[in-house]
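Reader: I'm new to looking at protein models. Could you walk me through this one?

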Amino acid sequence: MFAFLSWAGFEACTSLGEETADPKRNIPRALVGSIVLTGILYVGVMFAETIGFGTDDRGIAAFTSAESALSTLAGQYIGTWFALVIAFTAAAAAFAGALSSSAAASRLCFALARDGFGPRRLARTHPRTHAPVPALRSTGVIGVLLCAAVWAAGTSAFDTYYWFATVGVLCLLVAYAVAGAGVIAFTLSGRGGIPRWEVVVPLAAIAYLVFVFTEQSTGQEAPYSYFPWIAGVWCLAGAAIVVLAPERAQRIGDSLRAEQADAADADPVQPAPADQSPGTPSPHPVQPTGLSS
């Protein structure tokens, strides 16, 4: 679960596709870059923490009980001042994560409302920046209310983070599994030209996701034993909406296919002007369309 908790969110950049210039090129680059760079960072940091605490029983116990492993190591090996620097950096990273989550959630709410799934007010954008301001405000208010509720209940910051993160990751496990099922269906359809034997990759991924979800759902103490049920109810609610209101789901699917077709029609290779040699950048670059940040 900790590994998924660390990786969760790498796909958040896809929610900004409508606000990105040349999203078919830049979004895949952002996805691959985030996976590679964060992978190197996580492996390096985890190695440093493991060596810093030690691999004996005492070190492992100290590692698992530390609420801020890097701050603890910084204070132990360098000094309090550096532990404070690490703590401030962690707080800044948490704030950046909150901004990223708010941006992704608001764009999803905006897209759903625009396609008729949700209040039409959430589909409005700012007249100058074209940012989905009502959706941003709504998701921000909900987040503040949730945080205020757990604070009023006397929950520590550490527990609050892990409570929300655990529920979110459990939902992401289901989302990743559904995406894997979609890859399998697309591969077997033969429309993408992907060799059918490659379905073993998403099949193995789904099997591992089921294993992680099962491990996190069994043998847990309260309140962690409640979180799989919360995530399950949330995911089942989404599935029920698709089943009970298929026309709305169909409308969203048609909208996505229409956007894909429009993007494909907008990408044909244009012949170079008579006064421009092939390969020379055009003096009239294509402007990005969609939402603007």
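Predicted model: local features only at pLDDT ≥ 70, side-chain atom pairs only at ≥ 80, totals over all residues.

Reader: Which residues in H9 are buried?

Author: Helix H9 covers residues 227–244. To count as buried, a residue needs under 20% relative accessible area. In H9, the buried ones are Phe227, Pro228 and Ala231.

Reader: Where do the buried residues of H9 fall, seen down its axis?

Author: An α-helix has 3.6 residues a turn, so residues three or four places apart point the same way. In H9, the buried residues line one face of the helix, because they fall within an arc of 105°.

Reader: And which exposed residues sit on the face turned away from that buried side of H9?

Author: Exposed means over 50% relative accessible area. Turned away from the buried side of H9 are the exposed residues Trp229, Val233, Leu236, Val243 and Leu244.

Reader: Is Thr166 buried or exposed?

Author: The cut-off for buried is under 20% relative accessible area. Thr166 has 4% relative accessibility, so it counts as buried.

Reader: What about Ile40, buried or exposed?

Author: Ile40 lies in helix H2. Together with Val32, Ile35 and Val36, Ile40 forms a nonpolar patch on the surface, with about 350 Å² of accessible area together. Its relative accessible area is 58%, so Ile40 is exposed.

Methods: Residues numbered from 1 in each chain as written. Heavy atoms only, no water. Buried < 20%, exposed > 50% of the residue type's maximum accessible area, 1.4 Å probe, protein only. Patch = residues over 30% accessible without salt bridge, like charges linked within 9 Å, V, L, I, M, F, W, Y side chains within 5 Å. Areas by Shrake-Rupley, 256 points an atom, 1.4 Å probe, with all protein chains shown as cover. Salt bridge = Lys/Arg side-chain N within 4 Å of Asp/Glu carboxyl O. Helix = DSSP H or I, 4+ residues; strand = E, 2+ residues; numbered from the N terminus. Expected span 1.5 Å × (residues − 1). Arc of directions from axis to C-beta.
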